Amino acid sequence: MFGLPSLTKLLVLAGIILAVWYGFRFVGKLDAARKVQAKQQGRGPKANKGRAPRAAVPDAEEMVACPACRAYVPATNPSNCGRPDCPY
Ligand SMILES: [Zn+2]
């Protein structure tokens, strides 16, 4: 029952192992490419939509609401929203 495995069985086994190995490598490459793409797209303004803003936390800034337009602007560098009664 547990005799020496034949060469054919060993070759088939090696083939299966190689196929699984290359399969995992292929999936890993696809995943890495996907991550790089996500990183490059992540430089856009709405990168963290639907995701936990892990990278955005160090860049957090104090925001103040404009009394005229109720838009939130950075407290350190407020920008005018375009309305004539905007105080910024
Ligand atoms: Zn405003």
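This is a predicted model: local features need pLDDT of at least 70, side-chain atom pairs count only at pLDDT 80 or more; totals for chains, interfaces and linings use all residues.

Me: What coordinates the zinc ion?
Reply: The SG atoms of Cys66, Cys69, Cys81 and Cys86, at 2.3 to 2.5 Å. Along the chain, these donors follow the spacing C-x2-C-x11-C-x4-C. Cys66 sits in the loop between strand S1 (63-65) and strand S2 (72-74), and Cys86 in the segment after S2, so this pair ties together parts 20 residues apart in sequence.

Me: Are Cys66 and Cys86 buried or exposed?
Reply: Cys66 is buried, and Cys86 is too.

Me: And what's the geometry of the zinc site?
Reply: Square planar, with angles of 80 to 175° among the four donor atoms.

Me: Switching topic. How many salt bridges does a search of the whole structure find?
Reply: Three. Asp31, Arg34 and Lys35 are linked in a network. Arg34 pairs with Asp31, with the closest N and O atoms 2.5 Å apart, and Asp31 also meets Lys35 at 3.6 Å, N to O.

Me: Where do Asp31 and Lys35 lie?
Reply: Both are in helix H1, four residues apart, about one turn of the helix. Arg34 and Asp31 are three residues apart in H1 (residues 7-41). Arg34 is exposed at 54% relative accessible area, whereas Asp31 is partly exposed at 27%.

Me: What does Asp85 pair with?
Reply: Arg83, at 3.4 Å, N to O.

Me: Last one: which residues does UniProt list as a transmembrane region?
Reply: Residues 6-24, in an unreviewed entry. In the model that stretch is 95% helix and 0% strand, and its end C-alpha atoms are 27 Å apart.

Key:
Residues are numbered from 1 along each chain as its sequence is written. Side-chain values use heavy atoms; hydrogens and water are left out. UniProt positions are given in the numbering used here, feature names are shortened, and annotations may be inferred rather than shown by experiment. Helices (H or I, at least four residues) and strands (E, at least two) are DSSP runs, numbered from the N terminus. Donors are N, O and S atoms within 2.8 Å of the metal (3.2 Å for Na, K and Ca); water is not among the atoms, so sites may look incomplete. Four donors count as tetrahedral if all angles lie between 85 and 135 degrees; four count as square planar and six as octahedral if opposite donors are over 155 degrees apart and all others between 65 and 115; anything else is irregular. Buried means under 20% relative accessible area, exposed over 50%, partly exposed in between (1.4 Å probe, protein chains only). A salt bridge is a side-chain nitrogen of Lys or Arg within 4 Å of a carboxyl oxygen of Asp or Glu.
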